[in-house]
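Subject: Structure handover

Hello,

Please find the structure below. My notes on it come after.

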Amino acid sequence: MGKTMNEQNAHARTWEETVEPEQARRKNWAGFVENEAVTFFEKFDLEKLTLEDGLGNKAKLQRTKNNGIKIEYTSSVVL
């Protein structure tokens, strides 16, 4: 039996994920931090938030005095 379009797309990769998987992973981490994590931070009006993905990527979000958000993040790469 053939796969549905959703099943086929579930494992679809971008060009970057295929050619430069480590670069894509770092970009995905930064994208997650700057989008989903910031949305969560704002929604719950947090002062500080620390994230770690278990693969060496870490991020810290902190509210500034003028109500901005300071983001520090690092990524780890094994060559």
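This is a predicted model: local features need pLDDT of at least 70, side-chain atom pairs count only at pLDDT 80 or more; totals for chains, interfaces and linings use all residues.

Residues are numbered from 1 along each chain as its sequence is written, and side-chain values use heavy atoms, with hydrogens and water left out.

The structure holds three salt bridges (a side-chain nitrogen of Lys or Arg within 4 Å of a carboxyl oxygen of Asp or Glu). E42, D45 and R63 form a network of them. The E42 to R63 bridge has an N to O distance of 3.1 Å. Because E42 is in helix α3 and R63 in strand β2, this pair ties together parts 21 residues apart in sequence (helices, H or I of at least four residues, and strands, E of at least two, are DSSP runs numbered from the N terminus). R63 also bridges to D45, with closest N and O atoms 3.8 Å apart. R63 is buried at 11% relative accessible area, while D45 is exposed at 55% (buried is under 20%, exposed over 50%, partly exposed in between, with a 1.4 Å probe and protein chains only). K70 and E72 make another bridge, at 3.2 Å.

L46, in the loop between α3 and β1, is in contact with residues including R63 (contact means heavy atoms within 4.5 Å). L46 is partly exposed at 23%.

N57 sits in the loop between β1 and β2 and is buried, at 3%. Beyond four places in sequence, its contacts include W29 and T74.

Regards
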